[in-house]
Amino acid sequence: MSNHNSCGLCSIEMKNISVTSGEDILLDNINLTFHCGELTALIGKNGAGKTTLLRTLLGERHYKGSISFTDHHGVVLPMPRIGYVPQHLDFDKSMPISVSDFIAAAKGGSPVWFGKQKKMQAHIREILEDMECGYLAERRLGALSGGELQRVLLALATDPVPDLLVLDEPVSGVDMAGLDLFYKRVTELRDKQHMAILLVSHDLGLIRKYADRVVLLDKTVVAQGDANKVFATDAFREAFGFSFEEVAK
Ligand SMILES: Nc1ncnc2c1ncn2[C@@H]1O[C@H](COP(=O)(O)OP(=O)(O)OP(=O)(O)O)[C@@H](O)[C@H]1O
């Protein structure tokens, strides 16, 4: 898929990144650049280091090497602002908390029991409406479907607009129509807000439909490029045990 939206300047760069745990090398000399306005899909077999790479970007893993952000003016800043949608959210589903109170609490506003601040509530309604889920504002968080919850988390992760949006297999437990809708929303964000997006996914069909670039990881980057190119590599066949032609079916 061609990308019309990248200015070529604004980017997040991982340089010579290595992560170890005791004697184990979890990530080995990763060199990657994520461009603003581009959706990059991160793929690899189980244990390849995908989640470790995300956690490193989020500042949750100790690493060797450097991560930097270059803004639209070419100014290099030490760290990008990152929005994160986790794989799943662990919470007590019987909790009597509404979607808008959850967002207010996550944003570090006043505790929910102090009552809602009008301005904050209007803002929350606005960001949910941007994600076409304003109607969820007063629903109980625990009553949302998997797809609805993902949209709420996406609204939260993209306000304020981050430099890099990181999505960790965000759509597990969501049906095919919900998946497709989620990817559509994500690509709209890429185009409208010009953010760099990094997505860990196992859905090769959706990756081929929506990703601008695919990175195949096996502790280090073993292939990268557009989906068709990466799916045709020997490294892909080795990682997944099937060939490009089988993905195309
Ligand atoms: N905190 C940790 N300490 C030690 N080893 C870890 C830690 N976290 C992950 N690992 C190991 O690092 C390797 C990479 O794990 P990681 O979760 O990043 O893989 P992944 O590509 O996300 O896998 P999956 O597709 O199964 O989610 C695995 O061998 C895992 O056991």
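Biologist: In which sense do strand β3 and β8 pair, and over how many bridges?

Modeller: Strand β3 (residues 39-43) and β8 pair in the parallel sense, over four bridges, where two strands count as paired if DSSP finds at least two bridges between them. Helices (H or I, at least four residues) and strands (E, at least two) are DSSP runs, numbered from the N terminus. This is a predicted model, in which local features need pLDDT of at least 70 and side-chain atom pairs count only at pLDDT 80 or more, while totals for chains, interfaces and linings use all residues. Residues are numbered from 1 along each chain as its sequence is written.

Biologist: Which residue of β8 is the bridge partner of Leu 42?

Modeller: Leu 42 has Val 200 as its bridge partner in β8. Strand β7 (residues 164-168) also pairs with β8 in the parallel sense, over five bridges, and there Leu 164 stands opposite Ala 196.

Biologist: Is β8 mostly covered or open, and which way do its residues point?

Modeller: Strand β8 (residues 196-200) is mostly covered, with five of its five residues buried; buried is taken as 20 or more other C-beta atoms within 10 Å of the residue's own, exposed as 12 or fewer, and partly exposed as in between, with C-beta atoms placed from the backbone. Ala 196, Leu 198 and Val 200 point one way, whereas Ile 197 and Leu 199 point the other way.

Biologist: Why would they alternate like that?

Modeller: In a regular strand the side chains alternate between the two faces of the sheet.

Biologist: OK, the core then: how many residues has the largest nonpolar one, and which have the most contacts inside it?

Modeller: The largest nonpolar core has 68 residues, and Leu 42, Ile 197 and Val 214 are those with the most contacts inside it. Such a core is a set of buried Ala, Val, Leu, Ile, Met, Phe, Trp, Tyr and Cys residues joined through C-beta atoms within 7 Å. Helix α4 (residues 146-157) gives the most to this core, with six residues, and the core draws at least three residues from each of domain 1 and domain 2.

Biologist: What does Val 214 touch?

Modeller: Leaving out residues up to four places away in sequence, Val 214 touches Ala 41, Ile 43, Ile 207, Gln 224, Gly 225, Asp 226, Ala 227 and Val 230, a contact being two C-beta atoms, placed from the backbone, within 7 Å.

Biologist: Where do the two domains run, and how many residues are in contact between them?

Modeller: Domain 1 covers 6-80 + 163-248 and domain 2 covers 87-159, with bounds that come from an automatic or database domain assignment. Their centres, taken over C-alpha atoms, are separated by 27 Å, and 12 residues of domain 1 are in contact with eight residues of domain 2. On the side of domain 1 that touches domain 2, the largest share, four residues, comes from α5.

Biologist: Last one: which element gives the largest share of the shell around the ligand?

Modeller: That is α1, with three residues, and the residues around the ligand include Ser 21, Asp 24, Lys 50 and Thr 51, each with its C-beta atom, placed from the backbone, within 6 Å of the ligand.
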